[in-house]
Structures are given as structure tokens and as C-alpha cells.
Amino acid sequence: MRGVHRESCELKMQKEIAMQDKPVALVTGANKAIGLQIAKDLVAHGFTVLVGSRNLEHGETAAKSIGVDARALQLDVTNQASIAAAAERIRNEFGRLDVLVNNAAISHAGKPGRSVEKIAKSGRLSVAPLDDVRAVFETNVFGVIAVTPAMLPLLREAPTGRIVNVSSASGSLTLNSDPKNPHRSMFGTYSSSKTTLNAITLAFALALESTGIKVNAACPGFTGTDLNNFQGRRTVQQAAREPVRLVLLDANGPTGTFSMARSVVT
């Protein structure tokens, strides 16, 4: 029995070493919906994926549903101590980070279960409570600004570092400035947070241009998730395609772009 136990421990250690030889990707807010699908797809492409989740138990459940190449990582993008602990754990346990997907986001700070129309109406900046606006920006904007620099020391060491921010076409100034756009009346708290995310995507891309780290934003499309009370028309499988494509860009790929379904938007 001792020999069997020793053999199983050695096998486990060999698997750990092999796992660290794989490229490592961190996906924030990956315990459900689009983030979970991105994590699944990246595992299929040969990555070890860290499933970032505010609630570790939820993250562990999600990681188990993916398989042995997924690991749960407690990460609250609005909590600096949580972010620092996550970065330290990645370095100590994996020794590398090749990809960061900033996916964690909220659409509003109100009660769950409301329709898209009600969320949009209450999120108009002319009526939205300032605390609600701050809550959305805290996750969607400042969360990205906090997590990205914390992971940069590891990403700078990666042979091909990639950062992908999951954004939204609802934040496009070009699209929302068009009077023919039927959705422009919904431009408010959530949309403006994504406008800001697009801007900071470019800011990080320019700051890191000389490093070879590519920073891009992707719109997954109107996908049925709890962000919109599952009113979206696209599946999570469809939604994950563009973020994953940007993760897999080669050395000749672009940086500082905002895209959806392979079309670049401004």
C-alpha cells in the first residue's frame, strides 16, 4: 500500500510540473456565463486556466466542471488585498502568467431579475444614483485598472503576453453617435463604463507597445446572461469566440483594438 501511495504522489507531482510547463491564463469572473466558456475554450487550446471568482466555492465548482487543467482562484477585482493575494499565488504556484482576460463585470447595482429596458432606464446618467454609477465603474473600469498592473510583472516575463478586455459595442461612441442606431437611447451607466474600458484598453496597449504584450478589447455580442436577465440572443459559445481569438493572436496581430466578430469598431 505504501508503494502505491508513493507512486500516486509522484504521479501527482509529475502532473503539477507538466501543468506549469503549459501557458497559464487568468480569466476574471469565470465561474459562470461568458467567462466560464472562455475558460473552457482556452483549456481546449492547451492552457492551464485560473478561474477567477469572488466566491472561491463557486470558482471551485466551475473549475471542476472544466477539468484538471482549470484551477479556482479567489479574486475580487474590487478588493486590492484579494488582487495582491491572487498575483502572489499565481507566481508561487505556477511561476508564470501568459494571458489575462478581464471579463468580470456588472450591468447595474440594483435588484436582480429586471428587464434590459428597466436596467437601461434606471441607468441613464440623468437619473441614476451616484452610488450605483460608482458601483458599476468600480468593477467594470477600476477593477481592470487594478488587476492589470498587478499581473503585469508576470505577463512581462511571458514569451507572448496577451491581455483581453471583455467590452461591449454599447460603449462605442461611433455607433451611439449615429441617429439611426435604435439602441442609442439605452446609453447610460453600463455603456459609458464600457466606453471607458475601451479607452483604457488603448491606454494599456500604448503603454505596453514596446514590450510585445498585446492588449485588445472584444465585444461578445448581446448574449443571454444574468447581466441582462438572460434576454440576450447569442449563446455563451458564440460570445467566447472573439475574446479567445484575441488571446491566440500571433506576433503579427494587432494591439489597441476593439472588435466584434472580426470587425474592428471605434
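This is a predicted model: local features need pLDDT of at least 70, side-chain atom pairs count only at pLDDT 80 or more; totals for chains, interfaces and linings use all residues.
The largest cavity has a volume of about 30 Å³, and its lining consists of Thr28, Val77, Asn102, Ala104, Thr139, Gly143 and Val144. Helix α6 (residues 130–157) supplies the largest share of this lining, three residues.

Strand β5 was examined next. Five of the five residues of β5 are buried, so the strand is largely enclosed by the rest of the structure. In a regular strand, side chains alternate between the two faces of the sheet. In β5, Arg162, Val164 and Val166 point one way, whereas Ile163 and Asn165 point the other way. Strand β5 runs parallel to β4, to which four bridges join it; here Leu100 stands opposite Ile163 of β5. Strands β5 and β6 also run parallel and are joined by five bridges, with Ala217 in β6 as the bridge partner of Asn165.

Helix α9 (residues 236–247) contains 12 residues, which at 1.5 Å a residue should span 16 Å; the end C-alpha atoms lie 17 Å apart, in agreement with that expectation. The buried residues of α9 are Ala239, Ala240, Glu242, Pro243, Val244, Leu246 and Val247. Elements covering these buried residues include helix α2 (33–44) and the strands β4 (99–102), β5 (162–166), β6 (214–218) and β7 (258–260).

Methods:
Residues are numbered from 1 along each chain as its sequence is written. Side-chain values use heavy atoms; hydrogens and water are left out. Helices (H or I, at least four residues) and strands (E, at least two) are DSSP runs, numbered from the N terminus. The expected span of a helix is 1.5 Å times one less than its number of residues. Buried means under 20% relative accessible area, exposed over 50%, partly exposed in between (1.4 Å probe, protein chains only). Contact means heavy atoms within 4.5 Å. On a 1 Å grid over the protein atoms alone, a cavity is a set of points where a 1.4 Å probe fits but cannot get out, and a pocket is an open set with protein on both sides within 12 Å along at least five of seven lines; lining residues have an atom within 4 Å of a point. Grid points are joined across faces, edges and corners, and a volume is the space filled by probe spheres set on the points. Two strands pair if DSSP finds at least two bridges between them.
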